[in-house]
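Student: Hi, could you walk me through this one? I'd like to start with a single side chain and go on from there.

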Amino acid sequence: MKAITLDTFGGPDVLHIAEVPLPAPGPGQIRVQVRAAGVNPLDGKIRSGAMEALFPTPLPAVLGIELAGVVDALGDGVTDVAVGDRVFGWADAPTGSYAEYALAATYARLPHGLDFPAAVTLPVAVETTNRVLHQLKVTSGETLLVHGASGAVGQVAVQVAISRGATVIGTAGEKNQDRVRALGAVPTVYGPGLVDRVRALAPNGVDAVLDTAGKDALPDSIELRGGTDRIITLADPAAHRLGVAFATGPDQRSADDLAAFADQLVRGKVSTHVAAVYPFSQAAEAHQLSDGGHAGGKVVLVP
């Protein structure tokens, strides 16, 4: 089968299409004919080699955590779906979702009204949000600062935190301020003067910080918190040097949580945004957009 692979670490141009073995589903797994694969900022940092200290990646590698597609084959013991069903979820080793076929053990049926690109806005965002907000101990009445609030994970984190009674201040680029406001957060822009802007918006201080963007916002976050307590980053390699917690596992992948959030998405109770869809042949362009940190939503690859 064809897959987007990297044989060496580097910029987006190291990604190329190659033939790789077709994976066989093991017990409890399904094989999915991929119709959409989500691109995450972490993918670009793994591709560049910046995450080797935290996430060693044997090469050659096929990236991609999120998938949506059609069930192609069943492993032993799988009875909840059939070949031909539409599903979405998380890709399992040995290949990621940047491929024509991938394996999955945690997945949900795709509800009517949700297309494949929209479906891949959810797996990483839902799992990460639930795990990290629990780690940050965000409760009703507190103020949460979210860096990258217009991004794929940021949008979900903002909405879940607000649903739990928190006030959210969300940083984003100038063009995405209205989107952050529409999510229910108080928007502000990145860049010089961020500490003063946030203090003006939250005179009693911020109780926790979630950095989904990895765009050098940790020093300002530490100043706002008066230390490194209750700050988590998803994508800034400087976390270890600064003493900030990096969001690591164990993953809490839940098919039930995924299905529930998808149902809310279809019913218009929550929202996500697909920023751009690229064919596999333009994977480098997709990564360039994602690496820039200003996509304003999910970047998606399709075969």
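Student: Is Arg267 buried, partly exposed or exposed?

Tutor: This is a predicted model, and in it Arg267 has a relative accessible area of 48%, so it counts as partly exposed.

Student: Which residue does Arg267 form a salt bridge with?

Tutor: Its partner is Asp263, and the closest N and O atoms of the two are 2.9 Å apart.

Student: And how accessible is Asp263?

Tutor: Asp263 has 38% relative accessibility, so this residue is partly exposed.

Student: OK, why would two side chains like that pair up at all?

Tutor: Side chains of opposite charge can pair when their charged atoms come close.

Student: How many salt bridges does the structure hold?

Tutor: There are twelve salt bridges in the structure. One of them joins Glu142 to Arg230, with 2.7 Å from N to O.

Student: Where do Glu142 and Arg230 lie?

Tutor: Both are in loops: Glu142 is between α3 (123–136) and β8 (143–147), while Arg230 is between α7 (218–225) and β12 (231–233). The two parts are 88 residues apart in sequence, so this pair ties them together.

Student: Is Glu142 buried or exposed?

Tutor: Glu142 is buried, with a relative accessible area of 15%. The cut-off for buried is under 20%, and Arg230, at 21%, is partly exposed.

Student: What does Asp229 pair with?

Tutor: Asp229 meets Arg225 in a salt bridge, at 3.4 Å from N to O. Arg225 is partly exposed, with a relative accessible area of 22%.

Student: New topic: rings! How many aromatic pairs are there?

Tutor: Zero, as it turns out: the structure holds no aromatic pairs.

Student: Oh! Then which ring does the charged end of Arg86 sit over?

Tutor: That would be the ring of Phe116, with the charged end of Arg86 5.2 Å from the ring's centre.

Student: Left-handed or right-handed?

Tutor: The crossing of α6 past α7 is right-handed.

Methods: Residues are numbered from 1 along each chain as its sequence is written. This is a predicted model: local features need pLDDT of at least 70, side-chain atom pairs count only at pLDDT 80 or more; totals for chains, interfaces and linings use all residues. Side-chain values use heavy atoms; hydrogens and water are left out. Rings of Phe, Tyr and Trp (its six-membered ring) pair if their centres lie within 6.5 Å; planes under 30 degrees apart count as stacked, over 60 as edge-to-face and the rest as tilted. A charge sits over a ring if NZ of Lys or CZ of Arg is within 6 Å of the ring centre and within 35 degrees of the ring normal. A salt bridge is a side-chain nitrogen of Lys or Arg within 4 Å of a carboxyl oxygen of Asp or Glu. Helices (H or I, at least four residues) and strands (E, at least two) are DSSP runs, numbered from the N terminus. Buried means under 20% relative accessible area, exposed over 50%, partly exposed in between (1.4 Å probe, protein chains only). A crossing is left-handed if the near helix is turned anticlockwise from the far one by less than a right angle, and right-handed if clockwise.
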